[in-house]
Amino acid sequence: MHQVHSVRIMDDYEAYTLGKLTRHNFLHQDLIRNFNVSATGSDLIVFLRIQKTGSTTFASHLGHDLNFTTWCQCNKTLLSECNCQKKWNFSVLFKIKRNSWPCRIHADWTYLHECVDGVIKKYAGGQVKHRHLYVTMVRDPLRRFLSEWRQVSDRGATWIGTQLICNGHAATKAELPPCFRKNWRNVTLHDFMGCASNLGINRQTRMLANLSIVGCYNTSASGLTYDERHYLMLASAKENLRNMAFFGLTGHQELSQILFENTFNMKFVKTFKDVPTSDTWSGRSVVSNVQRDKILFINRFDVMLYQYAKDLFFQRLQMLAERTKDSSLRNLIHTRIETSK
């Protein structure tokens with residue numbers, strides 16, 4: 001008689017703690033992303049900006065570092081008359097006015113899907129853009145959480161102007177009890193982790209999920225346990241991230257640039273650069289193994305989301321390398337992926 005051995009599959013959380021990456025089975029259609037952004041204004045790029053994911057840097061690249069000549073299809077001598085950069089910044093990038101994000105700068109997936117059409121109707125005379133191309137950046141959850149803590153503690157950041165709206169209703173103080181009065185300056189890491197309503201905990205999962213499926217911010221209405229609620233949010237966040245036109249990884253800037261350029265058939269005039277860990281707030285934060293383990297545990301849904309996102313990101317790049325006829329691009333992708341391991 002043959003002895004049957006059960007095969008244990010490592011989950012994403014455990015794989016992260018061991019420095020490994022689990023492989024997921026994605027559909028072919030999930031790995032191929034290609035969009036030609038219309039210069040007529042019929043397309044809209046909606047940037048879902050998650051705090052402490054390098055979104056400010058990426059927004060600057062989008063607003064200032066794109067080569068518009070191919071996209072505009074204008075005669076170079078008449079390029080100024082095409083006004084392409086203004087059209088890109090104010091219309092395609094969903095910025096109605098200079099430095100203005102109509103749904104607020106850190107709107108989540110749930111609120112953006114309630115807000116965008118209404119804003120377009122208001123400013124475009126009832127004409128709604130027919131295609132919304134969502135983009136975002138995702139970051140290693142340990143580094144992102146530490147970075148948020150340092151910005152809150154050192155600079156007193158609160159992001160109090162962020163709209164927390166779901167199904168047309170703003171979150172109440174009863175649903176999200178404040179962790180501080182005026183600001184949280186000088187908060188210790190222990191207290192930052194200890195506030196149950198701290199929106200920095202599993203922020204990426206929450207901001208990428210459709211919160212209406214879990215009763216929005218009313219955690220008691222659904223009758224779900226904490227983990228049941230968050231596993232539903234995690235599944236939703238994975239689906240929404242997978243269906244976005246593009247997402248990049250904060251810790252892989254050049255590869256994110258390559259993926260963006262080949263997704264939208266546009267080129268940047270500058271090469272994206274990774275910031276040395278020692279130059280980041282998270283890199284300058286000294287934490288014990290006990291603190292690290294606690295950060296990862298309370299952010300376990302962001303950990304699982306990140307592992308999923310990272311695998312999808314690299315599989316998309318590998319698919320791009322297989323499909324491209326540009327041997328130099330193929331070699332560059334393979335080299336960068338190898339050095340990223």
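## Helix α13

In this predicted model, helix α13 spans residues 289–298, and its buried residues are Ile-295, Leu-296 and Ile-298. These buried residues pack against five named helices: α1 (12–17), α8, α9 (189–194), α11 (226–243) and α14 (300–323).

## Second largest pocket

The largest share of the lining comes from α10, with 3 residues.

The volume of this pocket is about 730 Å³. Its lining consists of 34 residues, and those nearest the centre are Thr-158, Ile-160, Leu-164, Phe-180 and Leu-199. Sorted by class, the lining of the second largest pocket holds 17 nonpolar, 10 polar and 7 charged residues.

## Cavities

Searching the whole structure gives 2 cavities of 30 Å³ or more. The largest cavity has a volume of about 80 Å³. Its lining is made up of Val-46, Phe-47, Leu-93, Phe-94, Trp-101, Pro-102, Cys-103, Arg-104, Ile-105, His-106, Ala-107 and Leu-112. By class, 10 of these lining residues are nonpolar, 1 is polar and 1 is charged.

The second largest cavity contains about 30 Å³ of space. The residues that line this cavity are Arg-33, Ala-245, Phe-246, Phe-247, Leu-259, Thr-263 and Arg-316. Two or more of the lining residues come from each of β6 (246–249) and α12 (253–264). The lining of the second largest cavity divides into 4 nonpolar, 1 polar and 2 charged residues.

## The chain as a whole

The chain contains 15 helices and 7 strands. Its C-alpha atoms fill a box of roughly 65 × 60 × 40 Å along the principal axes.

Of the 341 residues, 50% count as buried. The chain exposes about 17700 Å², and carbon and sulfur atoms supply 50% of that area. Among contacts with a separation of 6 or more, 75% are between residues 24 or more positions apart.

Notes. Residues are numbered from 1 along each chain as its sequence is written. This is a predicted model: local features need pLDDT of at least 70, side-chain atom pairs count only at pLDDT 80 or more; totals for chains, interfaces and linings use all residues. Side-chain values use heavy atoms; hydrogens and water are left out. On a 1 Å grid over the protein atoms alone, a cavity is a set of points where a 1.4 Å probe fits but cannot get out, and a pocket is an open set with protein on both sides within 12 Å along at least five of seven lines; lining residues have an atom within 4 Å of a point. Grid points are joined across faces, edges and corners, and a volume is the space filled by probe spheres set on the points. Helices (H or I, at least four residues) and strands (E, at least two) are DSSP runs, numbered from the N terminus. Ala, Val, Leu, Ile, Met, Phe, Trp, Tyr, Cys and Pro count as nonpolar, Asp, Glu, Lys and Arg as charged, and the others, Gly among them, as polar. Buried means under 20% relative accessible area, exposed over 50%, partly exposed in between (1.4 Å probe, protein chains only). Contact means heavy atoms within 4.5 Å. Accessible areas come from the Shrake-Rupley method with a 1.4 Å probe; for residues, only the protein chains shown count as cover.
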